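Visitor: Please show me the model, and then take me through it step by step.

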Amino acid sequence: MTTTPDDAIRRGRLCAWPYALLCVAAWLFIWKGIGPAQLYHHQTPVFMTGWNYLATNWASGAGGLIEYAGAGLTQSYHGPWLGALILATLLGAVAFLSNRWLHSATGKPLLFSGFVPAALLLTMLNGRALPIAPILALVLALLAALVFGVVVPKFRWAGPVAMVLLSLLLYPVVAGPYLFFVALAVLHAALRRRFLLAGLGVLLAGVIPYLIGVWWWHCGVYDAWLRNLLFEYDLNPQILSIAIYAFYPLAVALLAVVSVRVRRRTKAPLPLSRRSVVVRTGAVAVFAAGSLLIFRDALATTILRVDRHAREREWEQVLAAAGPLHWSEMDSVAELERLVFLPYLTPRFPRHPQQGVPLRLSYESLLHHVNLALQERGRLLDELFAYPQVLGMSAVRMLPDNIGPYVAHSYNMDILLRLGHVNEAERVACEVLANIGPRPWLLQRLVIIYALKDEPATAEVFLTALARQPGHCDWARRYQRALADDARLSSDPLASRIRPLMHREDFAGSYVGVNPDEEMLLRLLHTNPHNRAAFDFLMAHYLLNLRHDQVVRRLPLLREFGYDRIPRHMEEAVLMHAKLTGEQPDLGPWQISPATIQRFQAFDQAIERMGGLGERDPRPVRDALFPAFADTYWFYCLFGNTFFEVDSAPPPEERRP
Amino acid sequence: MRRTGIVILLILLTLGLGWAVLALRAARPVIDGPRSAAGRAPTIEPDYREVVIPPNIAPLHFRLIEEIDAWSADVSGEHGPGRVLHGRTPEVRIPRATWRDLLETSAGGTIRLAFSGRQADGVWVEFDPITLRVARESVDPYLVYRIIDPVFGCWGHMSIRQRDLSSFDETAILRNRTFEYDCTNCHSFCQRDPGRMSLQIRSQAIGACMVVADEGQVSRVYTATEFNRSAASYSRWHPNGRVIAFAAIQVMQFFHAVGHTRDVFDQASDLALYRVDENMVTTTPAISDPDWMETYPEWSPDGAQLYFCRARQKPVEEFASVKYDLVRIAYDAETNTWGELETLLAADDTGLSVTHPRVSPDGRYVLLTMCDYGNFSIYRPSSDLYLLDLETGEHRLLPINSDRADSYHCWSGNGRWIVFSSKRRDGLFTQLYLSYFDPEGNAHRPFILPQEDPGFYDGHLKVFNVPEFVTGPVTVSPHRLTQAVTEPDFRRQAALDPQVAARDAGTPRDMPWHSVREVPGHQP
């Protein structure tokens, strides 16, 4: 017996080709558009091989197993096409199972409606924070709901048995998405007027997580009921995840309404032609494209790209990726306003290492990376203000490390290492370890830190942990060999660059654990008067805090740090200082370049022409000067407090050492 | 049709069995070909060579660190038949039944493991045997400890766990994930009784308190009073089980720019007693002198003496000169009366700072840690274990120390075993070591707490701390303990002894360490 597509459609059966098409389209989009490498960078779940680690994940509570599987599949992101293929297959499974469930629950075909949650998931993936585990858990929950839907009509007693059995099987594996399964099962039972069965489902939703999660596994309330749901990977106000979960009851309701209308009009089933299939497919495609467009976030993508290159210490690529945020790429200062309104994920401490640890993307983090990249390329004091800087921002620490999001420390760690403050880098690295577990990039840094501290045995512990993570074992083995050959890692470029900069004299960090930047940088320079990074960041610190007097004082030191001219921003600070104080600083052997002098005169005259600043709103003057002077210290100095359309407080008075 | 199926199934089963037998035979190396003598014992990791072990310890699994591709070992006890073990991987795991037989037949004698290893050229090398001495005296069956990250300022997961020392079974007593990742610390038992336990909780939600499990009764006691703003730390049960001594400390943490990074300083520290039946906090000036910092209380086995450490109060800038003496004071728990202070070890004499005094069950010795300064010995690489003989008044460095921090320790109930924490492997992660303490007062070569996986410690990124022996599994369930921490019904506010003057009213002080959950912007 042959079945035509039309027959299949009429009977509610589903053709394979739309799903194949969806999978291929999603695969290409994820591979070429989203980029599995970006996804991996945003999440970096810990995945270690061996039974011990599997047992640890199982013991981590309900949902640990699916996270372990998810973390394992995430390793496929190292081979981008494969990672994209796995994600596309999962999205195809979501679409297929959703359709099947809707048909099974309502008895009516709602062609390709299952593509809606798949499209929404794809949109969430485009935010790059969504790990595989919640998608995998969603697929399992849908599958369980489908099994339940198949079993219920068979026998009267099968419903409760299936409900209990599936609960016992599903909950320990997926945790939170079990509630989604229960919701679908309850809906299914209610549609069939099996209200007792629906009541049983509601009861189990409370009892099973309590008994297995809280009582047996000792999970907290959040983990017991909500772990692995989509909400925590969705941007506030979590529209996408709410839409995905709400889709199913809404689709059922919609079907009911349509069904009543159709029944009033005709008793015959609604004919479904090939044309209507094409129209519906097109509608879903338009929905997917619209959803992707609405939730597209180019700024977050830029920041993520910068972040990835910074973590890999690819400094030129950092600056290239940060190009869109260069002053020269902006049409007006008002554009900066959007930078402070980055949508954030709900910040939540990742309770288990196998969970993804989405980065908290912020403009400050981007600036931090850009400034570090500029310093690494020897351009910090020439191009610092080529990017819109935040007035009074710390030059060294993106965020004070006892406040702020859990990954703030990781940003501070690299710069502290670069400066040679290895003990501080160790401290923040260990804070990150306690916060988010042994992420591979963190273990790599800890290896360098402990080699620098002449603690090769400690470095070896971290290397062993790293060697258990597929995708990173080559690095670990290479460093194990290097460490065995030379415990000081003298041939390692990073270690050999940092070692001469390290502190030689102990001091106890102000007894509060966190040194203000200035004191720390001065101490580093005291230890090593040729620490160029410490000098550059000290100057940047003074510039960012409008302390041009301190910049002028350090002019005689420039040659000691390898400068053969005054960097541009220091020239600008000297001119500004002279203008404001009327003093002509002693430049010694240095000269201010004619170009900078001419530019300053032009800047000064332009302000004079506009009647000066006085007490009036500086923004019209700022906007007029923006095209020619946005990348200067003067512009930052006079208008920095208006950049982000928020009333920036003046730079804090720092403690003098 | 059905008969054909059965035949096929039988053939498949036979083939499978044959394959399994052949695989097993292939895995068992046969000693043949040329042989040579190594003239030394094999290198093993963890290094259990020549250690003294209790007759009720779990199997000592280890790895052979030798250039060999197969090994064979003759394993024999003091009495009873020997056994032969084989392997093609470096891991040596002695089957539990074999191990149990060996221990049972070797108490008071030795276990001998004679290894032969096959080198790449096919030559079998015979190593000198490894010997393990088996003591007659058992160790307490359970060990309770805390597992945490190497905390600098903020912690994530932590749990208090109990390990059955005769096996590898480990279970959680309390996990902080059940109460929003707050801090749990300083667990303490009355005379190693698993039914009488106290531990401290530091929480943003419920404050700082002490959970007391007392023979089935569990409560959450707030010990901060008008006398002591700080909550309890380093608590110790009086042997009568009705009094808990604790330190009320104001602790701060700071960091060094060179060398070992972490350091801790107590800005204030006093001792007080919590009298369980009266739900009352009391103290006396001799143990809570504002000019002195008193800490680390410890009761003598008869409960007649309270040992503790104390140092003169100094500003934090002088942290490196803060050195603690070991003192004791007589106490009558029935009448709540105190005797006179007596200094047992003066820092002026030793040049070192005393911490963690633990009196042996027979009352003769005090096992203590000494370091160059301060009281947080686990952060001081100079920390070593010393033994003070209370009969002679002499103290000596124990030969079980390393060049890294050797610190927190505990006696077994029979006084023949010591467990202590040490950073000797790598300087950052603390592991637990057991050492036999013989009747002559000698501590023997320590060995690391055995684990099922011989490579367990190699990449283990957690810290074991506060090891405490107990006589059996803790009787109060994790669920009950969690309830005590989280539910209002379990709350008790201790009263201050009317005889004690209020001194320190105000908001309870916080700790320098914090949970990642406490970071602003984090929503649980």
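Guide: Buried means under 20% relative accessible area, exposed over 50%, and partly exposed in between, with a 1.4 Å probe and protein chains only. Strands (E, at least two residues) and helices (H or I, at least four) are DSSP runs numbered from the N terminus. This is a predicted model, where local features need pLDDT of at least 70, side-chain atom pairs count only at pLDDT 80 or more, and totals for chains, interfaces and linings use all residues. Residues are numbered from 1 along each chain as its sequence is written, chains are lettered from A and ligands numbered from 1 in the order written, and side-chain values use heavy atoms, without hydrogens and water.

Visitor: How many residues of strand β27 of chain B are buried?

Guide: Strand β27 of chain B covers residues 353-359. The strand is mostly covered, and its buried residues number seven of seven.

Visitor: Which residue in β28(B) is the bridge partner of B:Ser353?

Guide: Two strands pair if DSSP finds at least two bridges between them. β27(B) and β28(B), residues 365-371, pair in the antiparallel sense over five bridges. The partner of B:Ser353 there is B:Cys371.

Visitor: Which residue in the hairpin of β27(B) and β28(B) takes a positive phi?

Guide: The hairpin has five residues between the strands. The phi in question is near 80°, and the residue is B:Gly363.

Visitor: Is A:Leu203 buried or exposed?

Guide: A:Leu203 has its place in helix α11 of chain A. Because its relative accessibility is 53%, A:Leu203 counts as exposed.
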